[in-house]
Amino acid sequence: MATLLLSVMGAFAEFERALIKERQREGIALAKQRGPTGAADDPSATNKRRGCGQRADEGAPKTTLARELGISRETVYQYLRATP
């Protein structure tokens, strides 16, 4: 009797796992259709990086840059480190 119960529970677990994997594949396919996201693909982020570097070179305070661009000071410093 215990073996039968374990077999039924195992079958349900396999079925649930198959459903999870199917939903995951559907979600990945939808995300690929929507295309890339994030700051690396955002043209406005590139403009922010350029403007931030130019303004910092002109002597603008980092806190002011962060406030005007709507980003954190650490992000300003990351932009400046990444600027060649």
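Reader: What percentage of the 84 residues of the protein chain count as buried?

Author: This is a predicted model in which local features need pLDDT of at least 70, side-chain atom pairs count only at pLDDT 80 or more, and totals for chains, interfaces and linings use all residues. Residues are numbered from 1 along each chain as its sequence is written, and side-chain values use heavy atoms, with hydrogens and water left out. With buried taken as under 20% relative accessible area (1.4 Å probe, protein chains only), the share of the 84 residues that count as buried is 12%.

Reader: In what order do the elements of the protein chain run from the N terminus on?

Author: Helices (H or I, at least four residues) and strands (E, at least two) are DSSP runs, numbered from the N terminus. The chain comes to 4 helices and 0 strands, and the order of its elements is α-α-α-α.

Reader: Which residue follows α1?

Author: Helix α1 covers residues 2-34 and has 33 residues. The residue after α1 has a positive phi, near 90 degrees, and is Gly 35.

Reader: How are α3 and α4 oriented to each other?

Author: The axes of α3 (residues 62-69) and α4 (residues 73-82), which are lines fitted to C-alpha atoms over the stretch in contact, come within 8 Å and cross at roughly 105 degrees, on a scale from 0 to 180 degrees between N-to-C directions. Angles under 35 degrees count as roughly parallel, over 145 as roughly antiparallel, 65 to 115 as roughly perpendicular and the rest as oblique. The two helices are therefore roughly perpendicular.

Technical notes:
Buried < 20%, exposed > 50% of the residue type's maximum accessible area, 1.4 Å probe, protein only. Expected span 1.5 Å × (residues − 1).
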